[in-house]
Amino acid sequence: MADSWNTDTGEAVYRSRDAVKNLRIRVRLERVTSTAALSKHLQQQVLSQQGRRAIELETLTSQGHTADNEEELEVGWQEKLFSQYEMELFQNEATCQTPLDRQYHAEVKALNKAKGRRNHRIFTYTDHDRYTSCLPLHQLQTSTDLLTATKSSPTFLAERMASVRHRRQDRRTMDCNVPKSKIVNWEPTAEFVKSSHVVNNAMQTMHIMGDMAPPERLGQKENEYLLVTIKTDGSGTVIVKPDFNKDKEPYRIVTAGEKREVWRLTLENVCTTMQPEEKEREQNMYKDLYVRHKEYLNSLVGQDFEMPPIGILRYLMNGEIVSAKGFEYDNLYIHFFMELPNNWSSLPLQSLSGVTQTCRAKTLGKENVAFFSYPFSFEAFYKCEKESEESIPQWPVIYFKVLSLDSWQRFRTEGYGYLLFPAMPGKHTVTCHTWRPLQTGTVSALRRFFIGGSPELEDHSYVRIPGTFKGERLSRFGFCTETTGSVTFNLHCIQQARAFVDATMLKKRRQKVFDQLGGFSQQGAVCTILEAFQRARKKMQEARESLPRDLVHATSQLQIESSA
């Protein structure tokens, strides 16, 4: 009369696009007694015999299967079912400390006024309950193993995860002291990695529990056993442990203690299956939602390509200060700013300067390289004063200065440099070499080494020809300089202009006219014809101006009437 049991108690992972609130599980818990086993065995024998009348076993069945020995219940996601212990606990309002406890007190009070709770042995711990994280570790790990009457010890990771669950619920700190240990460990050891390794995914948890105590001893914590654990995240992943029975045998739970009672556990997914009409309606609703969202995005972007006004060149630069290498001291940072020449302008809120973070250099080969990876963006506009202007006389310039800062707060100028805006759009990788002013003598070198400081430029644009310089020659032989390191930039440039496109099209049209005039192969003949046309047009205008105004007005009226 031995029953076969399902020994596969591992977790199952499901993925669904439906809302997790529609999840419903039917849990059946049944105690295995000698009477029930005998009744089932006799029933199987009678049904196996062909041609014989079935024997009534209602009396035998009613004596063995009572409400105390079995229970079947449908449980929804995060549905709270109170246990006998919780019913007695939340009846007293004095024990309620949190808003959730007071809510449970009101629900228990309402259940007592009504017909009572619909569950007897099966109850739940939702994600908001403090018991969800305070369950004993041996229950979380071995209660499902009791389904197969085996013993297992919790792993190291399970013990660490138990402490994580406790910390998630107990968020109140005892004091506000700053921890003395290092927050960031730059050189972790293997033992440190092992002791600090935890998995703390943002998942909601629900436990379906069972009270396996005798009817007269319900409500004791030591008789509570974990039946099912359900976890889910926001991406539609549902983890059920153990899995649904489906067409397999039930699970077996063996209680601890002297009696060692055996219970059957059956899990069934009873979610309502979506009808084809509802599924099609939902798909159409999603399609309509996606189409509306696409239309909304198109309305924000627009159908027309954004173009600057006629005669304006729009220049957009998305740049990155990649690295700096070859400098004398460590802990480098870069200060940079933009200079706009004549006829160039920027947006009112556009920032024309910036400072990178302080970066510690790394040794690569024989050089020390500081990787900044500092992004910046800039937008400028150039206005053409002359229609015949085909090239821009001056492009904007980025001036930068490399400095160092040590632990004693000593500042040192490491180098000056500049970067000219690329005239061609696209991606550019530019390496700019720097130099710094040098003051000869031992005192200057000692000052730079011990207290920091070095000669600096009063005007950073002196690195290049300043924009305010109006002369013809600029002399830089007033002081000594020293070549230092280099700075690397990545630049992504975009240019938009209507005037330059129109000029190009005009050139193409002129060339097309020249090609069509096959009899006039030389440019001089074409120019002669154009000059004759201009002289004839000028004579016509002079003759028109010499005529009386009344005659001109009458002629124009006659032309309008004839055209109509």
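In strand 17, G417 is the bridge partner of F400, strands here being DSSP runs of E with at least two residues, numbered from the N terminus. The model is a predicted one, in which local features need pLDDT of at least 70 and side-chain atom pairs count only at pLDDT 80 or more, whereas totals for chains, interfaces and linings use all residues. Residues are numbered from 1 along each chain as its sequence is written, and side-chain values use heavy atoms, with hydrogens and water left out.

Strand 16 (residues 397-405) runs antiparallel to strand 17 and is joined to it by nine bridges, two strands being taken as paired if DSSP finds at least two bridges between them. Five residues lie between the strands of this hairpin, and Q409 takes a positive phi near 60° there. Of the 10 residues of strand 17 (residues 411-420), seven are buried, so that the strand is mostly covered; buried denotes under 20% relative accessible area, exposed over 50%, and partly exposed the range in between, with a 1.4 Å probe and protein chains only.

The largest nonpolar core comprises 33 residues, and F376, V487 and F489 have the most contacts inside it; such a core is a set of buried Ala, Val, Leu, Ile, Met, Phe, Trp, Tyr and Cys residues joined through side-chain atoms within 4.5 Å. At least two residues of this core come from each of strand 10 (312-325), strand 11 (332-339), strand 15 (367-383), strand 16 and strand 19 (480-497), and strand 15 gives the most, with six residues. When residues up to four places away in sequence are not counted, F489 touches, among others, F376, F400 and L419, contact meaning heavy atoms within 4.5 Å. A second, separate core of 28 residues includes F244, W263, L265 and L267.

Elsewhere, five strands form an open sheet with antiparallel pairing in the order 1-7-6-5-4. Its edge strands, each pairing on one side only, are strand 1 (12-15) and strand 4 (122-125). Within this sheet, strand 6 (residues 224-232) and strand 7 pair in the antiparallel sense over four bridges, and V240 in strand 7 is the bridge partner of I230.

The loop between strand 7 (237-241) and strand 8 (251-254) contains E249, which counts as partly exposed because its relative accessibility is 34%. Although E249 and W5 are 244 residues apart along the chain, their C-alpha atoms are separated by 5.3 Å. Leaving aside neighbours within four places in sequence, E249 is in contact with S4, W5 and N6.
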